[in-house]
Amino acid sequence: MTIRVMQWLLPLAALMVVSGCAYRHEGLDRGLDFAQRRFSAMPAMSVPRDNPPSPETIALGRDLFTDKRLSVDGTQSCGTCHQAEFAYGDGVARAMGRSGAPLPRHTPNLINVGYAKALFWDGRAATLEEQALAPIINPEEMGRHPGSAIDGIRDDASYRVRFARAFPRDPTINERNVLRALAAYQRTLVSGQAPFDRWIAGDPTAISPAAQRGFAVFAGPGNCASCHSNALLSDGKFHDIGLPSADRGRGGVTGRRRLDFRFRTPTLREIGRSAPYMHDGSLPTLAAVVDHYSDTVIARGATRPVHLGAQEKRDLVAFLQTLNTDTDTDR
């Protein structure tokens, strides 16, 4: 009897070992423990010493962000293209410029932008204060000439009072203070708690089994976590994502050919609200993004497709949908 039991148990034990190996092979060992180690702690936000936030500067920046008088003809504000419902993007592939032609790149969303070490898709601005001026004086965006950013608001009496309160050491309406206020406000645009965060915190029901399998794909065979790392879900670096494009990206800024076609890694926080995707807005859905990385990446340098199966793709999309802030959580 004992021999028969052993004969029955040995194949079962072998099956369990094979199943365990398959579990690890598919990346499913990169589950909750791995997520807690790699994705639970948000980094500290770096703030310039000459622009410490205050309630006054943040409130002023919020109003300037939606003030169309910063544009040359009073028709555009920062908030025109950076809308809360789209994670402070605009929901279109490429916004239309003042000339009527599409802008060359997709509007990046601003969620967690205060953590970024380089701004714009190509990293040409080092701080939010520097970045804030560029759209104002871009002839295709807000259209102001350099040096005229405050022309539409310089005579606003209520702004004079508010600028004096926000910047008591420099109590005037001037370009530097406009940019500092805009930057202070943008640093408040941070993501809230998402289902993924609740799962990491110990709620096993926060995300579905499909999404948990999708995280294993994300952290394993999908290779997503190599760039979308840490709690920000972005390494802040520049990568070639294998799209057909003449846009040199980071290479165009630095003049280094080896950096051609590289673009800043965007956060995946609020990814379900920020379609379409990529620096050119060419991929309309998360499923299309996954298909691209799986099957259609243009091989350049180290960039290669990852070749996921149909179930892995579905699970990965299910995981990505857990990265939106919970609707009942205030941001």
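Reader: Over which residues does pLDDT stay under 50?
Author: This is a predicted model, where local features need pLDDT of at least 70, side-chain atom pairs count only at pLDDT 80 or more, and totals for chains, interfaces and linings use all residues. Residues are numbered from 1 along each chain as its sequence is written, and side-chain values use heavy atoms, with hydrogens and water left out. pLDDT is the predictor's confidence in each residue, from 0 to 100, and where it is low, the predicted coordinates should not be read in detail. The stretch with pLDDT under 50 is residues 1-28.

Reader: Is Asp156 buried or exposed?
Author: Asp156 sits in the loop between helix H5 (128-137) and helix H6 (157-166); helices are DSSP runs of H or I, at least four residues, and strands are runs of E, at least two, numbered from the N terminus. Buried means under 20% relative accessible area, exposed over 50%, partly exposed in between (1.4 Å probe, protein chains only). Since its relative accessibility is 17%, Asp156 counts as buried.

Reader: Which helix do the buried residues of H5 pack against?
Author: Seven of the ten residues of H5 are buried, so H5 is largely enclosed by the rest of the structure. Among them are Leu128, Leu133 and Ile136. The buried residues of H5 pack against helix H7 (175-186).

Reader: What is the phi of Tyr88?
Author: Tyr88 lies in the loop between helix H4 (78-81) and H5, and is buried at 13% relative accessible area. Its phi is positive though Tyr88 isn't a glycine: near 65°.

Key. Contact = heavy atoms within 4.5 Å.
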